[in-house]
Amino acid sequence: MKRVLYGSIAVLVVFIGLGFAYKNATDVTVRYYGGLAWRAPLALVLVAALVVGIMLGFAAGLNRLVRVRHQLAVARKQVRQMEQEVANLRALPIKDVL
């Protein structure tokens with residue numbers, strides 16, 4: 001059931017995007033520093049801006065992901081050491097105190 005719902009939503013989004021691209025087919029000019037310019041349809045410019053934004057967001061999140069994975073590896077190593085220490089303590093013979 002979820003698959004049908006997600007598929008329907010995806011088809012709807014694609015049709016809305018295609019309709020937007022059809023209605024906004026006029027060319028726009030994007031100007032850069034140094035006199036550079038890029039002329040393309042509005043829909044293509046928006047898709048390019050979306051892709052660049054996704055890539056920048058992924059790059060920004062990648063640093064945190066690497067840091068968290070390193071912390072996880074350190075924590076797992078500490079857990080293994082503590083488990084080994086507990087196992088060693090349990091293996092010690094108990095001496096009579098009385």
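Let's start at Gly61, which sits in helix H2; helices here (H or I, at least four residues) and strands (E, at least two) are DSSP runs, numbered from the N terminus. Before going on, a word on the model: this one is predicted, local features need pLDDT of at least 70, side-chain atom pairs count only at pLDDT 80 or more, and totals for chains, interfaces and linings use all residues. Residues are numbered from 1 along each chain as its sequence is written, and side-chain values use heavy atoms, with hydrogens and water left out.

Back to Gly61, then. With a relative accessibility of 37%, Gly61 counts as partly exposed; buried means under 20% relative accessible area, exposed over 50%, and partly exposed in between, with a 1.4 Å probe and protein chains only. From Gly61 to Arg80 is 19 residues along the chain, and their C-alpha atoms are 29 Å apart.

Now the helix as a whole. H2 covers residues 42-91, which makes 50 residues, and spans 72 Å from first C-alpha to last, close to the 74 Å expected; that expectation is 1.5 Å times one less than the number of residues. And where is the kink in H2 centred? On Leu62, with an angle of about 25°; the bend at a residue is the angle between axes fitted to the seven residues ending there and the seven starting there.

On to the other helix. H1 has 22 residues and reaches 32 Å, close to the 32 Å expected. Is H1 largely buried or in the open? The number of buried residues in H1 is zero, so this helix lies largely in the open. Ile9, in H1 (residues 2-23), is partly exposed at 42%. Together with Leu5, Tyr6 and Val13, Ile9 makes a nonpolar surface patch of about 410 Å². Patches take residues with over 30% relative accessible area and no salt bridge, joining like charges within 9 Å and nonpolar side chains (Val, Leu, Ile, Met, Phe, Trp, Tyr) within 5 Å; a salt bridge is a side-chain nitrogen of Lys or Arg within 4 Å of a carboxyl oxygen of Asp or Glu. Leu18, also in H1, is exposed at 52%.

Last, the strands. S1 (residues 27-31) and S2 (residues 37-41) run antiparallel, joined by five bridges; strands pair if DSSP finds at least two bridges between them. Val28 partners Ala40, and Thr29 stands opposite Arg39. In the hairpin, with five residues between the strands, Gly34 has a positive phi near 80°.

Terms used: Areas by Shrake-Rupley, 256 points an atom, 1.4 Å probe, with all protein chains shown as cover.
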